[in-house]
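The exercises below ask you to read packing, charge pairing and open space from one set of coordinates. Please work through each task before turning to its solution.

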Amino acid sequence: GLVDQEKFDPACTDAELLTCHYMAFIRSNVLDASGVTNASGYLPRDTRRVPPQWDDSSLRHRWVDGFVSDENAFAMGGVSGHAGFFANVADLSRIVHLWAWPSEAPSRLNESTVSLFTTVVNKSLSSRALGWDTHTISCGDMTVYATFTHTGFTGTQICVDPVLGIFSIILANAKFPDKWSHAMIHLRPKLNSAIVSGTAGRTTRHTADSSTGLIAAVVVVTVVVVIVAAAIATWQYRRLRPRRRDGLADDEPYIGAAVIE
């Protein structure tokens, strides 16, 4: 009763699957309400826009390419609440903007909801809140007591600092070709500190106009990182694997995107 079948994603082949209902609910109540385009979501149709991740020699016995990296989400068909959502910087910015400034959000997301999901329940046990982690070293010089964050295994990250009025989005493909690479652990705090430094002196009081420059600065820095990461990943991918599974020739363009898990 929460969603209609006409809202189901074409990728769903069985209307009885709970994943079909979940995807339709997320699309109708979260993505569409946030202004997110059809380029983002679960089970991407155009896998050419998704960079390769790592060589899974134990479970899938193939390159993880165009599908969720997380093994548990893979076992659930690629659709879950904790992993499997593919997106680009522009769409994620729309979603994160509403978490940073909930007064501008649709009715389903308000300041009390944001507070509930970003407040630590028991600091003696964990720094985590409901769905978000709170400030970790990976957010660099952002405000310690107020920042909330989410990190993904493949190297992705979102940091939101409501005090400074900024947020960062890192869409990196750090697990290609080595699943156990930890390069992003050192890069994340440096990038976030650079964003804080680059926006120093700007007003921290948010308005629809004043936030534009801050968001633009964050997105520009992030896009540069994504382009570099995608270029490196593309070069390595072609070097290690001459032909893609979808039959693209070596000289055809490979477009890098990113996944947040």
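**Exercise 1. Determine how many residues the largest nonpolar core has, and which have the most contacts inside it.**

Solution. Step two applies it: the largest core has 31 residues, and Trp99, Val160, Phe167 and Ile169 have the most contacts inside it. Step three assigns the elements, with helices (H or I, at least four residues) and strands (E, at least two) taken as DSSP runs numbered from the N terminus: at least two core residues each come from helix 1 (18-31), strand 3 (85-87), helix 3 (89-100), strand 6 (157-161) and strand 7 (166-170). Helix 3 supplies the largest share, seven residues.

The model is predicted, so local features need pLDDT of at least 70 and side-chain atom pairs count only at pLDDT 80 or more, while totals for chains, interfaces and linings use all residues. Residues are numbered from 1 along each chain as its sequence is written, and side-chain values use heavy atoms, with hydrogens and water left out.

**Exercise 2. List which residues Val160 touches, not counting residues up to four places away in sequence.**

Solution. With contact taken as heavy atoms within 4.5 Å, Val160 touches Val96, Ala100, Ala146, Thr147, Phe148, Ile166 and Phe167 under that exclusion. A second, separate core of 11 residues has Ile166, Ala172, Ile195 and Val196 among its members.

**Exercise 3. Count the salt bridges, and examine the pairs Glu71 with Lys179 and Arg94 with Asp91.**

Solution. The rule requires a side-chain nitrogen of Lys or Arg within 4 Å of a carboxyl oxygen of Asp or Glu, and by this rule the count comes to five. Glu71 is partly exposed at 29% relative accessible area, whereas Lys179, at 16%, counts as buried.

For the second pair, Arg94 and Asp91 meet at 2.6 Å, N to O, and both lie in helix 3, three residues apart, about one turn of the helix. Arg94 is partly exposed at 34%, whereas Asp91 is buried at 1%.

**Exercise 4. State what volume the largest pocket has, and which residues lie nearest its centre.**

Solution. On a 1 Å grid over the protein atoms alone, a pocket is an open set of points where a 1.4 Å probe fits, with protein on both sides within 12 Å along at least five of seven lines, and lining residues have an atom within 4 Å of a point. Grid points are joined across faces, edges and corners, and the volume is the space filled by probe spheres set on the points. The largest pocket has a volume of about 960 Å³. Its lining has 32 residues, of which Val30, Gly81, Ile95, Trp99 and Trp132 lie nearest the centre. Helix 1, helix 3 and helix 4 (111-118) are the elements that give two or more residues to the lining, and helix 1 gives the most, with six.

Definitions and conventions: Core = buried A, V, L, I, M, F, W, Y, C linked by side-chain atoms within 4.5 Å. Buried < 20%, exposed > 50% of the residue type's maximum accessible area, 1.4 Å probe, protein only.
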